[in-house]
Amino acid sequence: MVKSLPEIFDGFSDARKEGFLKVKELKESGKNVVGIFCTYTPKELIIAADAIAVGLCGTSEDPIPAAEKELPRNLCPLIKSSYGFALTDQCPYTYFSDLLVGETTCDGKKKMYELLGDMKPMHIMQLPQNYNDKESFDMWESEIMKLKERMEEQFGVKITDEKIRAAIRLVNEERKVTKEFYELSLLNPPPLKGLDMQKTLEGIKFKFERTQIIDELKALTKKVKSEYEAGHRPVPEDAPRILVTGCPLGGVADKVIKAVEDSGGVVVCYENCGGVKSNERLVDESKDPYEAIAEKYISIPCSVMSPNDDRMELLSEMVEKYNIDGVVEIILQACHTYNVETIEVKKRVNGKHGLPYLCLETDYSKSDTGQILTRIGAFIEMMG
C-alpha cells in the first residue's frame with residue numbers, strides 16, 4: 001500500500017527513534033560512530049574515514065534538571081539538554097559514539113565540550129570568528145586537517161584522496177536533493193505544510209545511509225509534486241508566507257511552527273542551521289578537497305561570526321525568492337549571539353523589505369505555549 005503524504009512525513013520524524021536501533025546495529029557490525037553538534041562539522045571527513053556521523057544536539061527538556069546540577073541554569077537549553085543526555089546516558093547516540101566533535105562556536109558550548117571530554121574522547125575544532133580574511137581561512141583549513149589526522153589515528157584508517165573526493169560528491173548530492181525538497185515551497189500555494197517540511201529536515205539527521213537519504217528525498221519530492229499536480233492543496237492560497245530564522249529549531253519546532261500554521265500562516269522557508277543556511281552552498285569538486293571543504297564550511301553565516309553580513313544578505317535573498325509576507329525569529333534563552341543580531345535582522349526585514357517581524361525568545365518547556373500562540377496569532381492576523 002502506498003503511504004499517504006502525512007504518513008511519509010511522520011516517517012522522517014520517527015527516524016530519531018528508529019535510528020537508536022540502527023546505530024546499535026552499525027556499532028555491533030564494527031562501524032565507528034562520531035557524535036557531532038553543529039553544521040560546521042565537515043561530514044565528508046567522517047564519511048571518508050568510513051565512520052557514521054550522528055547528531056547529538058539535545059532537543060528535549062527531560063535531561064535538563066540533571067544538567068543543571070553541574071551547569072548554570074541561565075544557559076542555553078540546547079547546551080543543557082545535550083550535556084544532560086550525555087550525563088545521564090539517556091541518549092544512545094552519545095552512548096555509542098567513539099569520538100565527539102565540536103567547534104568553538106559560542107562560549108557555552110566551548111566550556112561544555114571540556115566537561116564532555118571527561119566522559120568521551122573529544123575533539124574540538126577551533127573555529128575562526130571571521131570568514132572574510134586569509135588568516136581565518138588558513139586556520140580553519142588547518143583545523144580540518146587536524147580532524148582528519150585525529151580520525152586516522154584513532155580509527156586506524158587512511159583517508160585517501162579518492163575517499164575524500166567520493167565523500168564530497170555524495171554529500172553534495174544530498175545537499176542538492178535536500179534543496180530540491182525544501183524549494184517545493186516556492187510554489188504558491190506551497191504543496192506541503194511547514195511542520196511537515198521541518199519533520200523531514202530534522203529526520204534526515206538520524207538516517208545514516210547517505211544513498212538511502214538521497215533516494216528517499218527524491219521519491220518524496222516526486223510524490224509531493226505529483227499530488228500537487230493532481231490537485232492536492234493542503235495550504236490555502238491566501239495563507240501568509242512566513243520565513244523562520246534564528247536558533248536551531250529542534251526543541252521548539254512543534255510549539256512555534258504549529259502555532260504559525262494553526263493561526264492560518266504557513267512556513268515556507270527555514271533559514272536556520274538545518275535548512276537553507278547549511279545547504280545552499282556546495283563543496284567545489286574541482287579544487288583541492290580540503291581547501292574546498294574549508295571554503296564551504298567557513299562560509300556558513302552563523303551568528304558567532306563577526307561581522308556576519310552574509311546572514312543578512314541570505315535573509316534578503318530568501319525573502320525575495322520565497323515571496324515572504326513576514327519573518328519570525330526564534331531565539332533560545334541565553335543565546336547571546338543570535339539575540340544581539342535580532343536588531344540587525346529587524347532593521348533588514350522592516351526597513352529594506354517593509355515586512356512585519358516577530359522575535360520569540362523561548363526554551364524547551366511548554367510553559368509559554370499559550371503565550372506564543374497568542375503572539376503568533378496576532379502577528380498572522382496583522383497580515384490578513
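Trainee: How exposed is asparagine 323?
Mentor: Keep in mind that this is a predicted model. In it, asparagine 323 is partly exposed, with a relative accessible area of 48%. Buried would need under 20% and exposed over 50%, so 48% falls in between.

Trainee: And where does asparagine 323 lie?
Mentor: In the loop between α15 and β7. Its backbone deserves a look too: asparagine 323 has a positive phi of about 50°, although it is not a glycine.

Trainee: Which other residue has a positive phi without being a glycine?
Mentor: Alanine 334, with phi near 75°. Alanine 334 lies in the loop between β7 and α16 (336–352), and it is partly exposed, with a relative accessible area of 24%.

Trainee: Switching to sheets. What's the strand order in the one with β7?
Mentor: It runs β6-β5-β7-β8, an open sheet of four strands with parallel pairing. β6 (266–270) and β8 (357–362) are at the edges with a single partner strand each, so one side of each has no neighbour in the sheet. From one strand to the next, the twist averages 30°.

Trainee: How many bridges join β5 to β7?
Mentor: Five, between β5 (residues 241–246) and β7 (residues 326–332), and the two run parallel.

Trainee: Which helix lies across β5, β6 and β7?
Mentor: That's α15 (residues 309–321), which runs at about 165° to β5.

Trainee: And the sheet with β1, what order is that?
Mentor: β2-β1-β3-β4, an open sheet of four strands with parallel pairing. Its edge strands are β2 (51–55) and β4, each pairing on one side only. The twist there averages 25° from one strand to the next.

Trainee: Is β1 enclosed or open to the outside?
Mentor: Largely enclosed by the rest of the structure, because five of its five residues are buried. Asn32, Val34 and Ile36 point one way from β1, and Val33 and Gly35 the other way.

Trainee: Why the two directions?
Mentor: Because side chains in a regular strand alternate between the two faces of the sheet.

Trainee: What pairs with β1, then?
Mentor: β1 and β2 pair in the parallel sense over five bridges, with valine 33 opposite isoleucine 52 in β2. Three bridges join β1 to β3, also running parallel, and there valine 34 stands opposite leucine 99 in β3. Also, β1, helix α3 (residues 43–48) and β2 make a right-handed β-α-β unit.

Trainee: What about β3 and β4, how many bridges?
Mentor: Four, in the parallel sense, with β3 covering residues 99–103. Glycine 102 has isoleucine 124 in β4 as its bridge partner. Helix α8 packs on this sheet, touching β1 (32–36), β2, β3 and β4, and its direction makes about 165° with that of β4.

Trainee: I keep noticing histidine 123. Buried or exposed?
Mentor: Buried, with a relative accessible area of 10%. Histidine 123 is in strand β4 (residues 122–125). Leaving aside neighbours within four places in sequence, its contacts are Leu99, Leu100, Val101, Gly102, Lys146, Leu147 and Arg150.

Trainee: Last one: at what angle do α8 and α14 pack?
Mentor: About 115°, with the axes of α8 (residues 134–155) and α14 (residues 289–298) 9 Å apart. α8 passes α14 in a right-handed crossing.

Trainee: Which residues meet there?
Mentor: From α8 they include Phe137, Trp140, Ile144 and Met145, and from α14 they include Tyr290, Ile293, Ala294 and Tyr297. By class, the contact has nine nonpolar, one polar and four charged residues. Among the charged ones are Glu141 and Lys148 in α8 and Glu291 and Glu295 in α14.

Note on methods. Residues are numbered from 1 along each chain as its sequence is written. This is a predicted model: local features need pLDDT of at least 70, side-chain atom pairs count only at pLDDT 80 or more; totals for chains, interfaces and linings use all residues. Side-chain values use heavy atoms; hydrogens and water are left out. Axes are lines fitted to C-alpha atoms, for helices over the stretch in contact, and angles run from 0 to 180 degrees between N-to-C directions. A crossing is left-handed if the near helix is turned anticlockwise from the far one by less than a right angle, and right-handed if clockwise. Contact means heavy atoms within 4.5 Å. Two strands pair if DSSP finds at least two bridges between them. Buried means under 20% relative accessible area, exposed over 50%, partly exposed in between (1.4 Å probe, protein chains only). A crossover is right-handed if, with the strands pointing away from the viewer, the path from the first strand over the helix to the second runs clockwise.
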